[in-house]
Amino acid sequence: MSDTKSKVFRYLAYTIEIIIIFILNNTPDLLPMIYYAKPCLLICISLSIAVFEREIPSMVFGLLCGALIDLGFSNSIGLFTIALTILCFIIGYCSNNLLTANIITFLVCSLLVTAGLLSLNFYFSYTALGYADGAFYYKTHYISRIVQTFIFSIPFYFLNKFIYNTLSSDD
Amino acid sequence: MKEFFKSTGIKILFSVLLVVIMLSLFTNHLQNNFLSNAVNATTYGLSSVTAAATADNRSNMGYEELLSKYNELKDENTELRAKLVDYYDTKTENARLWKFYDLKKENPEYTLVPSTVLRRDANDDFYSFTIDKGTSSNVQKGDAVVTPQGIIGWIKNADVNTSKVITLLSTQTRISAINNKSSDTGIITGSAKLSEKNQTTFSKLKSDNKVEKGDIITTTGISGIYPKGLVVGEVVDVCYDTYDTSYYAVVEPYDEIKTLKEVAVITNFTGQGEILKSGEADE
């Protein structure tokens with residue numbers, strides 16, 4: 001398969017994966033709520049793509065995932081779009097130039113990004129607005145969301161590794 | 001490092017970020033923005049299918065219960081198979097509308113738009129959700145969202161085909177309410193500690209309030225945002241907030257908000273916006 005052709009198929013596969021997961025993740029009662037929260041699967045997908053792809057495609061898929069997350073719950077783009085665009089660019093750059101793309105690197109990135117991003121989201125959507133019992137809400141809802149998102153990132157790492165290896169040019 | 005900051009990639013990143021930030025500022029102030037419309041229009045069909053597929057999902061059934069349900073459904077299926085396919089759609093739609101018939105009969109001035117819960121996002125706090133009706137069905141920001149049991153939330157954002165509903169369990173909610181038995185008034189607002197128990201608070205009560213367990217709380221209709229007399233729920237406890245130095249009642253809505261599948265939006269009612277309009281006129 002030529003390089004251009006393989007890229008087109010690969011990017012198409014990622015796009016379809018993102019749309020399907022967005023729909024399934026948001027379907028009422030499909031994924032059970034564990035400790036009052038569901039995982040944010042689009043974060044897992046964007047990070048696992050960024051580990052394998054170069055910085056520009058990583059950035060584009062980070063942008064797409066971030067925009068879908070933002071539009072899914074707030075009708076306007078914001079924190080997730082901006083943060084995932086930057087973070088996926090950095091991860092894409094680092095995994096190609098500074099680090100080895102393997103499961104350990106990915107898990108470290110995933111844990112840091114998931115915890116940081118969801119905590120930041122909590123700060124902007126709860127603490128900064130002055131609502132009471134923030135620590136309680138973070139403990140009972142957000143820690144569960146962070147842990148579940150982190151755990152779900154593992155299967156997405158292998159899925160996107162499979163897509164990357166299968167749909168890469170043989171050259 | 002210098003090469004990294006001079007690379008084409010970093011220039012592209014900054015250009016994209018600039019566009020994203022501008023779009024973010026632009027879309028934040030729009031009630032009906034094109035990005036949200038585009039995403040919802042693209043995913044609406046698939047979301048409708050998946051939401052419908054899980055509509056009758058009962059996840060905690062045991063084997064015996066499932067077997068009995070299976071046999072029951074098998075018999076029912078045999079009976080229904082003879083009927084026309086179109087009949088199912090009509091029956092479903094009728095059943096959906098029938099739920100709100102009593103509410104409409106009691107309040108003929110309400111314009112009700114029945115709708116289905118389309119999405120529950122992973123980042124939705126306090127069990128907020130997206131419904132399958134938007135501005136094309138006259139749904140507007142601030143409209144009350146109800147079930148036959150009473151009010152369950154309000155519209156935060158509405159685009160062409162979908163709307164975001166904030167529930168009574170959310171800390172964003174501020175609804176003026178009254179205890180009809182004792183005439184005590186207060187504000188319905190969510191609480192982080194109570195939301196998971198499907199409970200909200202009736203706060204800012206006077207120190208000499210006469211609110212008791214079992215009292216039913218309804219909306220006051222003040223300001224004309226929500227109709228008067230919509231049932232919020234039943235008082236399950238009365239407490240004192242040491243931080244706020246005021247009394248509040250714990251109110252439990254009659255619906256299990258976390259698992260709602262069908263709701264209706266009150267898009268029009270007698271007295272809607274009247275006080276707001278008069279307030280604007282005074283200014």
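The model is a predicted one.

In chain A, helix H2 spans residues 41-52 and helix H3 spans residues 55-74. Their axes come within 9 Å and cross at roughly 175 degrees. Angles over 145 degrees count as roughly antiparallel. H2(A) and H3(A) are therefore roughly antiparallel to each other. From H2(A), the residues in contact are A:Leu42, A:Ile45, A:Ser46, A:Ile49 and A:Ala50. They meet A:Ser58, A:Phe61, A:Gly62, A:Cys65, A:Leu68 and A:Ile69 of H3(A). Eight residues of this contact are nonpolar and three are polar. None is charged.

Chain A also touches chain B. The contact draws 41 residues from chain A and 40 residues from chain B. On the chain A side, two or more residues come from each of H1 (3-26), H3, H4 (79-97), H5 (103-125) and H6 (134-166). H3(A) gives the most, with nine residues. By class, the chain A side holds 25 nonpolar, 12 polar and four charged residues.

Chain B contains a closed barrel of six strands. The order is E1-E2-E5-E4-E3-E12, and the pairing is antiparallel. From one strand to the next, the twist averages 45 degrees. B:Trp154 has B:Ile166 in E5(B) as its bridge partner.

Definitions and conventions. Residues are numbered from 1 along each chain as its sequence is written. Chains are lettered from A and ligands numbered from 1 in the order in which they are written. This is a predicted model: local features need pLDDT of at least 70, side-chain atom pairs count only at pLDDT 80 or more; totals for chains, interfaces and linings use all residues. Axes are lines fitted to C-alpha atoms, for helices over the stretch in contact, and angles run from 0 to 180 degrees between N-to-C directions. Helices (H or I, at least four residues) and strands (E, at least two) are DSSP runs, numbered from the N terminus. Angles under 35 degrees count as roughly parallel, over 145 as roughly antiparallel, 65 to 115 as roughly perpendicular and the rest as oblique. Two residues are in contact if their C-beta atoms, placed from the backbone, lie within 7 Å. Ala, Val, Leu, Ile, Met, Phe, Trp, Tyr, Cys and Pro count as nonpolar, Asp, Glu, Lys and Arg as charged, and the others, Gly among them, as polar. Two strands pair if DSSP finds at least two bridges between them.
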